[in-house]
Amino acid sequence: GNMDMHEVKETLPMKDIIKVGKFRIGLIHGYGHPNSLVRLVRAEFDKNIDAIVFGHSHLPLNEKSGNTLFFNPGSPTDKVFAPYNSYGILEVGKEIIGRIIRV
């Protein structure tokens, strides 16, 4: 993320795609204004992505748009922009189901 140490940023890719079963899940920290975040992270991946997991805003989100799940687990430690602390769980089976857990 944008607050990570330089060594972490140099080690990890800015974004990645992991495959779980038949699904493609995009991972990215995110950037920009919270109101533009979903649009910005969507633009980082091709159309054949089943879910995008992101952060940056600390605002929990578990919302499907078209065939893509947009999942931001929030933050268990920092709620500067969020109404509550949270973390998330993705369950991958016949479909991808996201759950936001309030802390």
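**A loop and its setting**

Tutor: The accessible surface of the chain comes to about 6,800 Å², and 55% of this area belongs to carbon and sulfur atoms (areas come from the Shrake-Rupley method with a 1.4 Å probe, and for residues only the protein chains shown count as cover). The model is predicted, so local features need pLDDT of at least 70 and side-chain atom pairs count only at pLDDT 80 or more, while totals for chains, interfaces and linings use all residues. Residues are numbered from 1 along each chain as its sequence is written, and side-chain values use heavy atoms, with hydrogens and water left out.

Two helices and seven strands make up the elements of the chain (helices are DSSP runs of H or I with at least four residues, strands runs of E with at least two, numbered from the N terminus). Their order from the N terminus is α-β-β-α-β-β-β-β-β. The radius of gyration is 13 Å, close to the 13 Å that the globule rule gives for 103 residues, so the chain is as compact as a globular protein of that length (the radius is taken over C-alpha atoms, and the rule is 2.2 Å times the number of residues to the power 0.38). Along the principal axes, the C-alpha atoms fill a box of roughly 35 × 30 × 20 Å. Of the 103 residues, 29% count as buried (under 20% relative accessible area, with exposed over 50% and partly exposed in between, for a 1.4 Å probe and protein chains only).

The part to examine is the loop between strand 3 (51-53) and strand 4 (61-65), where His56 is placed. His58 is found in the loop between strand 3 and strand 4 as well. Most residues other than glycine have a negative phi. His56, however, has a positive phi near 70°, and the phi of His58 is also positive, at about 65°. Because its relative accessibility is 22%, His56 counts as partly exposed; His58, at 21%, likewise counts as partly exposed.

Arg42 is buried yet has no salt bridge (a side-chain nitrogen of Lys or Arg within 4 Å of a carboxyl oxygen of Asp or Glu). The nearest side chain of opposite charge to Arg42 is Asp46, 6.0 Å away (Lys and Arg count as positive, Asp and Glu as negative, and His and the chain ends are not counted). Leaving aside residues up to four places away in sequence, Arg42 touches Lys47, Ile49, Ile52, Thr68 and Phe70 (contact means heavy atoms within 4.5 Å).
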